[in-house]
Amino acid sequence: MSRSLRKMTRRQLARTPGRFVSLMVLVALGAAVLAGFQSAAPSMLQTMSGYLEDRNLSDYRLFCDMGITAADVEALAAQPGVLEVEPGYAVNISARHNEEVLVYALLSLPDEVCNGEAHDPQTGISRLKLTAGRMPLAQGECVADADSALVVGDVVTFNGENDPTSLDLVSQTMLTVVGKARTPLYISNTRGSATIGSGRVSGFLYVPASTFTSDYYTVIGLRLADTAGVPSFSDEYTGVIDRKYASLEAFCQQRAKVRQNEMRQAVNEQVDSAAGEIDSARSEADKELADAREKLSAAQDEIHSGEEAYQKGVSDLEQAKRELDESERELKAAKKALDDGWATYDAGNKQLAGAKQALGQLESQRDALIAAMTGETNPAVLAQIQAQLEALVPQIGGLQQQIVASERELLASRGQLEQKDAEYASGMEKYRKAAEEIDENERKLSSSRSELDRSKSALEQGESSYQNQSEEANTAIEALQADLDSARKVVSEIGPPTWLLQARSELPGFSDFKSNAERITMLSLVIPYFFFVIAALVCLTTMARMVEEQRSQIGTLKALGFTEDAIGSMYQFFPWAMGLPGGVIGVALGVLVIPRLIWSMYVSNYPVNGFELVPAVIPCIIGLLGGAVVIAVVTYFACRSSLYSSASVLMRPGSPRAGSRVFLERVGIVWRRIGFKGRVTLRNLIRYKKRLVMTITGVTGSVALLVTVFGVLDSIGSVAQVQFGEIAHYEAAFTLREPSSSSADTELNRRLSDYESAYAFASGLEASANGRSSAGFITYLYVVEDSEAIKGFLTFRERNGHAPLEFPPPPPPKLVMEADGAQGASADADIDSLPRAVISERLSRVLGVGVGDVVHCERTGQPAKDLVVSGVMENYLYNFVFITPEDFYALYGEDPPYATVLLKADLTDSELDALTAELLKTKMIALSQPVSMLETLVDEVTENMLYVVWFMVAVCCVLTFVVLYNLVNLNITERMRELATLKVIGYYQREVAGYIYREVAILMLIGLALGLVGGVFLHEFVMGTLDMGELMFTRVIRPQSFMLAALFTVLCSALLFVAMLPRLRRIDPVTSLKSVE
Amino acid sequence: MAPYIEFRDVSKVYRQGETKATALKEVSLIVEQGEFCAIVGPSGAGKTTILNILGGIDRRSSGTVTVDGEEITRYNERRLASYRRNSVGFVFQFYNLIPNLTALENVELAAEVCKRPASPRAMLDAVELSHRMNSFPSQLSGGEQQRVAIARALVKNPKLLLCDEPTGALDEATGIQILSLLQKTSEDSGMTVVLITHNNDITELAQKVITVRNGQIDSLVKNLSPRKAEDLAT
């Protein structure tokens, strides 16, 4: 380019900087958005990787349900490719702080980092990053989750909701927060689920490992040698991790076997020693029994001899008694004889006394007679008396004799009697003594009897207790034996422990982080190219205007002998001079600012130091050159016709662009009604078609983008609400401890009887069709026990128009095949015989199938089955294939093992938490997935997108602004004379502005209207790119979003109008007097 | 009675960086109501500056300008615009029609904003262009365009018609036609007309001829027997 051409170019630039700058801005924006957003995802991933590398996040975490032994740890450390292992503990604990009860993940810190210092630990795996306070120093201290509400100095107390076995693991029941930190294990707000309390982990607490008292570790953190320095989200990393997976799994199986053997051995030893104990117990019992037996028989012998002695005593006694009786009888006889003797004696005595009396009487008679004689003189009488005396005297004599004899006799008999009395008395004495002796013996005997009896009963007792004892001993031994047997059985049944491998991608929030980063990229994919198109249009109008302005100049140059190429190169200078710096500035700013901005917003609470920028190479190159190339091409076409006109034509002043009639003018009635201003505006609108196209395209695009980005927020934000307000109507899904083949009378059912509940079966599934597969996305084969009740829990409908879908799927329509060949009919018949399923929309998109298509479904460990799609259902989370229990039975030959309980209850969050805690505590359920967890996920996505959205809004506003600026700018410069004339005529500022702005406003409004419509389609397209994995977003755009898009566009225009007012004000009416150039 | 237009010690200094260029130096002049007044003088003498200041499209540096008793030099932008729209009609050398509007629409452009407009159609009729009123400026000859411009100036019923070399771009015959139109208007409606011209013949039409030289009034001559424009052709 010659010097003069250069000079002209420079002046041109200086004279109309606005149009060039706006061009540059558009190119720069396009380049910035392209390079910046495309670099954002790799940079975010790289930075996060760097952070994780710095914090030495474990590549794998290994869990074992029976605990991990030191030997396991050693064996793992010795595995090839293992760089570092760190055993530790992890358990979920329910704890109270003030009135708040939350579930925390209680994790252990290696003792060497528990130094109480206030800086981040530099050793260990998955190192903490302190945000406040210090590391714990002693048991009872903890570092709390930086995201939790706990502050340094708070105390948390484990409460009663805990599993006792968990509490047994720790020595403390209270922990004092001494610091707050972040852990690379949780990179998002998600903390995972728990089997206690509310079922949600709300945060983590790190304690020194010594706080745990268990002999077994519960987790090992593992770093691999091959992943050192490999970015975490890279394919290389995934490759290394995947390759290592098999060997780690083999290791786990091997360790499981070892552990199983160890445990069997340990239990066997116990069993054996138990068996020995039983034997010794048995022999001891036997011995004791034998002793007892011996004692018993001795006692028996004793009793026996005692009995004999007793018997002898008894017989002796009886003999003695008999003798005594004899002597008694004798004594009695003697007594009787004695008594008789005495009676005789007494009778003799009495006789004697009688005799004596008679004698006395006789004597007295005699005396009386004698006396009578003495005084008697009557001899007769005397004689009589004599006679009588005489009769009396013999009598008296006889009697006297008799008496003497009797007295003698009596005396003798008395002596005899008295002797006999003495004899009797001594006999009696003897008898008494004998009787006493007998009594004595009797007593002795009876006491020996009772003694014997006692001995006997003691013996009997001894006997029965011996019986008991031996029975007891036997049953005890038998029980032991049974225990032993069952222990032996248990040993044989001891299974291997279950090991669990958790790679980084399975940590909470990891895959979401990657998806979100990718979403940001996807969202920015369409915009930059759009900018380039707008830049091209703006460039086209600008260059066309410039070439027109410089017609005569081009003509003059040509006349002076400059070649077309030389002149053309002058015009080509502008696109390159604007496009390249624009590209450079754009790429530079975009790459330097945008990823960092997104990152800083994305992780605003995240203490990741530094930021690693990873420019996306291809977008950067496109950004650098794309804009320049596009506008250079456009410029070439804009200049071509002018360049190749002959100099003479060009030298003549170009006829001013003729006014032209507007179509409406031909409709007189309408035209007249429009009013003067309207007519003028319409004419001006139609005057420059390129500008019209540029403006409308630009505004349409930017409005469409605005609608899209706001709509993106709406769609993401409404997922939870639509999914759980309109599609799924249950509040929680509980996982049962044991699958149940039916919902019949269970404890859980009784507990939930106040609410509606349904049993469901969800099985992981890999669905495929058309060579595409759902692998990698969470996909469920879903069966609800009651195919009718399911409608209370899930709404089966199509997304567009909300047309209800039939479930259970209706039988296939009976098609009448007449014209079709037999072949088609038979193929259809095959399909008709297949079970029919309703699938979720995301799955249908992933697989590219619709109603009537066949889907191959493969459950883990089951043969693949074919299903026919009977309906595509609106659903946003996870992929589902819904079939009836009957079809399930038909497919798999068993009833579905229902393991999920859907709960529909009108409960507040806290009530639901309480119910969940109760069910978890009473072991009725194993896990709860409250609906709010999805809301958290969605919130996170929304939050991340929010920043991008606002950035996009800003970008769109700039786009609108630049496009409208360009139009206004062109219109003003081009119509300078017109505007000056208007001013001369006396148009007020407002009216002059209106003259220019009215048509801009109309174009803007047309663009706005088109953009609002176009936005719906662009939104649909963009949402399609944001759906990832098992999450689909709604296609909802709220009216507010349309209003916001319109508002922002109108605001931008208004801002521009205000900004351009000084420019209009500066137009000097005197300009109108100047001659036409 | 105060004069209709009075310039009193009006100066205009253009400042361009360090250098000052004096366009007018303490100009004082008077134009009576209904007068047909011509301003003549060599290029760069300051004719246009006087006209611009009078028309309210330029501002003096010092001095006062009074029109119909109003001191327009004290007006702000808006009052000036208002003054222009209601009191002044301008006719330019290069017509300054809006190319995208038809003849009629160009007239309407002015009628649209003023208080007491005449009918645009009638106005075009008056300038004998009713048959071309739907033509665009590019479809009209120079004289026709200037007549549209005059119609646009007159449609406002201005008190003051300012013309800056209205015949400068026209051939002589057409020029006379235009001048005749202006003179007739002035006579018929008693409108004050101030006209800049290089053409000495035209001065013969004026009732007052002001000669400007080097930014100062060189002479101010009253022509007691102005000629008729139609007579100039001979």
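**A hairpin to start**

Author: Strands β9(B) and β10(B) make a hairpin with two residues between them, and B:Asn214 in the turn has a positive phi of about 50°. Strands here are DSSP runs of type E with at least two residues, helices are H or I runs of at least four, and both are numbered from the N terminus. This is a predicted model: local features need pLDDT of at least 70, side-chain atom pairs count only at pLDDT 80 or more, and totals for chains, interfaces and linings use all residues. Residues are numbered from 1 along each chain as its sequence is written, with chains lettered from A and ligands numbered from 1 in the order in which they are written.

Reader: How many bridges pair β9(B) with β10(B)?

Author: Six, in the antiparallel sense; β10(B) covers residues 216–222. Two strands pair if DSSP finds at least two bridges between them. B:Val209 has B:Val221 in β10(B) as its bridge partner.

Reader: And which strand does β3 of chain B join?

Author: Strand β3 (residues 36–40) of chain B is joined by four bridges to β9 (residues 208–213) of chain B, and these two run parallel. Opposite B:Ile39 stands B:Ile210 in β9(B).

Reader: What order do the strands take in the open sheet of chain B?

Author: The order is β2-β1-β4-β5, four strands with antiparallel pairing. At the edges are β2 (19–31) and β5 (70–71) of chain B, each pairing on one side only. Inside the sheet, β1 (residues 5–16) and β4 (residues 62–67) of chain B pair over five bridges. There, B:Phe7 is opposite B:Val65 in β4(B).

Reader: Switching to chain A. Where is the hairpin with A:Gly861 in the turn?

Author: Between β17(A) and β18(A), with five residues between the strands; A:Gly861 has a positive phi of about 75°. The two strands pair antiparallel over four bridges, β18 being residues 865–873 of chain A. In β18(A), A:Leu867 is the bridge partner of A:Val855. Strand β17 (residues 854–859) of chain A is also joined by four bridges to β13 (residues 756–769) of chain A, again running antiparallel. A:Ser768 stands opposite A:His856 in β17(A).

Reader: Give me the totals. How many helices and strands in chain A?

Author: Chain A has 25 helices and 21 strands. Chain B comes to eight helices and ten strands.

Reader: What share is buried in chain A?

Author: Of its 1077 residues, 38% count as buried. For the 234 residues of chain B, the figure is 55%. A residue is buried if 20 or more other C-beta atoms lie within 10 Å of its own, exposed if 12 or fewer, and partly exposed in between, with C-beta atoms placed from the backbone.

Reader: Is A:Ser718 buried or exposed?

Author: A:Ser718 is buried, because 21 other C-beta atoms lie within 10 Å. A:Ser718 sits in helix α15 (residues 689–727) of chain A. Leaving aside neighbours within four places in sequence, A:Ser718 is in contact with A:Thr1034 and A:Val1036. Contact is C-beta atoms, placed from the backbone, within 7 Å. A:Thr1034 is 316 residues from A:Ser718 along the chain, yet their C-alpha atoms are separated by 6.8 Å.

Reader: Now the core. Which residues touch the most other members?

Author: A:Ala535, A:Val881, B:Val107 and B:Ala151, out of 317 residues in the largest nonpolar core. The largest share, 21 residues, comes from helix α2 (residues 17–54) of chain A. Such a core is a set of buried Ala, Val, Leu, Ile, Met, Phe, Trp, Tyr and Cys residues joined through C-beta atoms within 7 Å. Not counting residues up to four places away in sequence, A:Ala535 touches several others, including A:Leu23, A:Val27 and A:Ile631.

Reader: Why is helix α3 of chain B largely enclosed?

Author: Nine of the nine residues of α3 (residues 103–111) are buried, so the rest of the structure largely encloses this helix. B:Val107 and B:Glu108 are among them. The buried residues pack against α14 (676–687) and α23 (976–985) of chain A, together with α4 (120–126) and α5 (142–154) of chain B.

Reader: How many residues does the contact take from each chain?

Author: The contact takes 26 residues from chain A and 29 residues from chain B. On the chain A side, α14(A) gives the largest share, six residues.

Definitions and conventions:
Contact = placed C-beta atoms within 7 Å.
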